[in-house]
Amino acid sequence: NEIRVFCPATIANVSCGFDVLGLALDAVGDEMVVRKTTQKGIRITKLIGQDLPMETLHNVAGVAGLALLAQSDYEGGFDIEIYKKIKAGSGIGSSAASSTGAVWAMNALLGKPFSPLELVKFAMEGERLASGVAHADNVAPALFGGFTLVRSYQPLDVIKINTPKELYATVIHPQIEVKTSDSRRILKTTISLEDGIKQWGNVGGLIAGLFTEDYELIGRSLEDHIVEPIRSILIPGFDMVKQKAIESGALGCGISGSGPSVFALSKGIETAKKVAQAMTDVYDKIGIDYDIHVSKVN
Ligand code: HSE
């Protein structure tokens, strides 16, 4: 009647795949304890580690959970304890971790009546609450693991992509908060055909590289001609962090989700650690506090 789950941090967009590509980290995430109760509805009974609302309708886990309950014939409810390690507003899927953890655990406790795709839809309601847009590029990898592609939103079509064995992510979080809603508002709503051509070439290249485990191709494809040039202005030292990460051997480097975290992908943990050192050196020099994580993509 009770389950404890690990809720992974995720990197959305992965440079070229705005709102469609995402990956899960296996060493960074929250924990959650979900308990079946006879009382109807969802209650957040504990929220440790971050200052976030606990009222069910204002909490992403609460809202995602209610979306599941609305489709279920289960008469009771759930109590949820959330132990946050992911900082809200850091750009590594804090809200997605809570939304997916809740629906995954509830589904397990109910004997798995819902498919993974249905769980993505419920968790997207948490994203709608957090950012105003029900994007799925964080919740899909959090639920499926590894790399995922949201091929279509209407109808929702999520594809699990092969994750190369030696792929590691380095993520640095400069201690400033960037709200997803703000960093979406500054984007243009149209793109040029020229940029489109570059971008879908890279998306195709990245997917091919992931399936064939061709690290060079993955590296060549980690480019973003549409969102990064606009959003990087919000991130202190972005160009320097990116340059140093690439010089240290990273396959590619970009903005994690809506930022301000910056991610780099590397082949092998040793390179990923070297990249971490290079990224922290930049922020040490310009005097910005940060968190740094190295994790396998899984
Ligand atoms: N794709 C979303 C965005 C992810 O970049 O706005 C937000 O975490």
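**Reading the terms around helix 9 and beyond**

Mentor: The buried residues of helix 9 pack against strand 7 (167–174), strand 8 (252–255), strand 9 (262–267) and helix 10. The structure is a predicted model, in which local features need pLDDT of at least 70 and side-chain atom pairs count only at pLDDT 80 or more, while totals for chains, interfaces and linings use all residues. Residues are numbered from 1 along each chain as its sequence is written.

Trainee: What makes a stretch of the chain a helix or a strand?

Mentor: Both are DSSP runs numbered from the N terminus, a helix being a run of H or I with at least four residues and a strand a run of E with at least two. Helix 9 is the run at residues 238–247, and just after helix 9, G249 takes a positive phi of about 110 degrees.

Trainee: Which residues of helix 9 are buried, and why are they said to be on the same side?

Mentor: The buried residues in helix 9 are F238, V241, K242, K244 and A245. They cover an arc of only 170 degrees around the axis, and therefore they lie on the same side of helix 9; the arc is that of the directions from the helix axis to the C-beta atoms. On the face turned away from the buried side, helix 9 carries the exposed residues D239 and E247.

Trainee: Why is Q277 counted as exposed?

Mentor: A residue is buried if 20 or more other C-beta atoms, placed from the backbone, lie within 10 Å of its own, exposed if 12 or fewer do, and partly exposed in between. Q277 has 12 C-beta neighbours inside 10 Å, and so Q277 counts as exposed. Its place is in helix 10 (residues 269–286), and its C-alpha atom is separated by 9.8 Å from that of T170, which is 107 residues apart along the chain.

Trainee: Why is L57 called exposed, and why is M106 called buried?

Mentor: L57, in the loop between strand 3 (41–48) and helix 1 (60–70), has 10 other C-beta atoms within 10 Å and is therefore exposed. M106, whose place is in helix 2 (residues 94–109), has 27 other C-beta atoms within 10 Å and is therefore buried.

Trainee: What does L57 touch, and with what is M106 in contact?

Mentor: Two residues are in contact if their C-beta atoms lie within 7 Å. Leaving aside residues up to four places away in sequence, L57 touches G62 and V63, and M106 is in contact with V34, G65, L68 and F78.

Trainee: What makes a set of residues a nonpolar core?

Mentor: The members are buried Ala, Val, Leu, Ile, Met, Phe, Trp, Tyr and Cys residues, joined through C-beta atoms within 7 Å. In the largest nonpolar core, which has 86 residues, A64 and A123 touch the most other members.

Trainee: Which residues surround the ligand, and how do they divide?

Mentor: Around the ligand are A12, N13, F18, D19, H135, D137, N138, T180, R184, G257 and S258, where a residue counts as near if its C-beta atom lies within 6 Å. They divide into 2 nonpolar, 6 polar and 3 charged. Ala, Val, Leu, Ile, Met, Phe, Trp, Tyr, Cys and Pro count as nonpolar, Asp, Glu, Lys and Arg as charged, and the others, Gly among them, as polar.
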